[in-house]
Amino acid sequence: MVNEKVVRYLYKNQSLYQLINKIKLWPSRTGVLHGVKTVETKGNTMIITTHCGESFVVWNSKNGRSARWLRNRWCRKPCVKCKIPEWKLEKYSQTVFSDVRR
Ligand SMILES: [Zn+2]
C-alpha cells in the first residue's frame with residue numbers, strides 16, 4: 001500500500017471563472033475562505049454564491065485580487081458556516097499553480 005498524495009496542477013493563465021469552478025473556494029476580502037455553491041457568469045462579471053448564503057459579484061479577471069489570493073493561498077481561515085470538508089482544503093493546499101500545462 002502506497003499512500004501517494006495526488007498533486008493537482010492548475011494552469012495559471014486560466015480565467016477566474018475556470019479557477020473557481022475547479023477549486024470551489026472563494027477568498028473574501030476579510031481573508032475568510034468560503035465554500036462555493038454556484039458560479040454564474042454574466043458578461044464580464046460573475047456571481048458567486050457561497051454555502052453560507054452569501055453572494056459576490058466579481059469581475060472575471062485572472063489577474064484580480066481574488067485570483068491572486070487563490071493562487072497564493074493568502075486565505076487561511078476557512079468559513080465556519082460553509083463547513084468546507086477537510087479533504088477539499090487539503091486538496092487546495094496541495095494544488096500547484098503552474099505556468100506549464102500538464
Ligand atoms: Zn462561508
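## K24

In this predicted model, K24 is partly exposed, because 19 other C-beta atoms lie within 10 Å, whereas a residue counts as buried if there are 20 or more. K24 sits in the loop between α1 (16-23) and β2 (25-27), and its backbone has a positive phi of about 60° although the residue is not a glycine.

## R73

A positive phi also occurs at R73, a residue other than glycine, where the value is near 55°. The loop that holds R73 lies between α2 (65-72) and β6 (77-78). R73 is likewise partly exposed, because 14 other C-beta atoms are found within 10 Å, and the partly exposed class lies between the exposed limit of 12 or fewer and the buried limit of 20 or more.

## Order of elements

Read from the N terminus, its elements follow the order β-α-β-β-β-β-α-β-α-β.

## Overall dimensions and packing

The C-alpha trace of the chain spans about 45 × 30 × 20 Å along its principal axes. The radius of gyration of the chain is 14 Å, which agrees with a compact globule, because a globule of 102 residues would have a value near 13 Å.

Of the 102 residues of the chain, 17% count as buried. When contacts between residues at least 6 apart in sequence are considered, 55% of them join residues at least 24 apart.

Note on methods
Residues are numbered from 1 along each chain as its sequence is written. This is a predicted model: local features need pLDDT of at least 70, side-chain atom pairs count only at pLDDT 80 or more; totals for chains, interfaces and linings use all residues. Helices (H or I, at least four residues) and strands (E, at least two) are DSSP runs, numbered from the N terminus. The radius of gyration is taken over C-alpha atoms; the globule rule is 2.2 Å times the number of residues to the power 0.38. Two residues are in contact if their C-beta atoms, placed from the backbone, lie within 7 Å.
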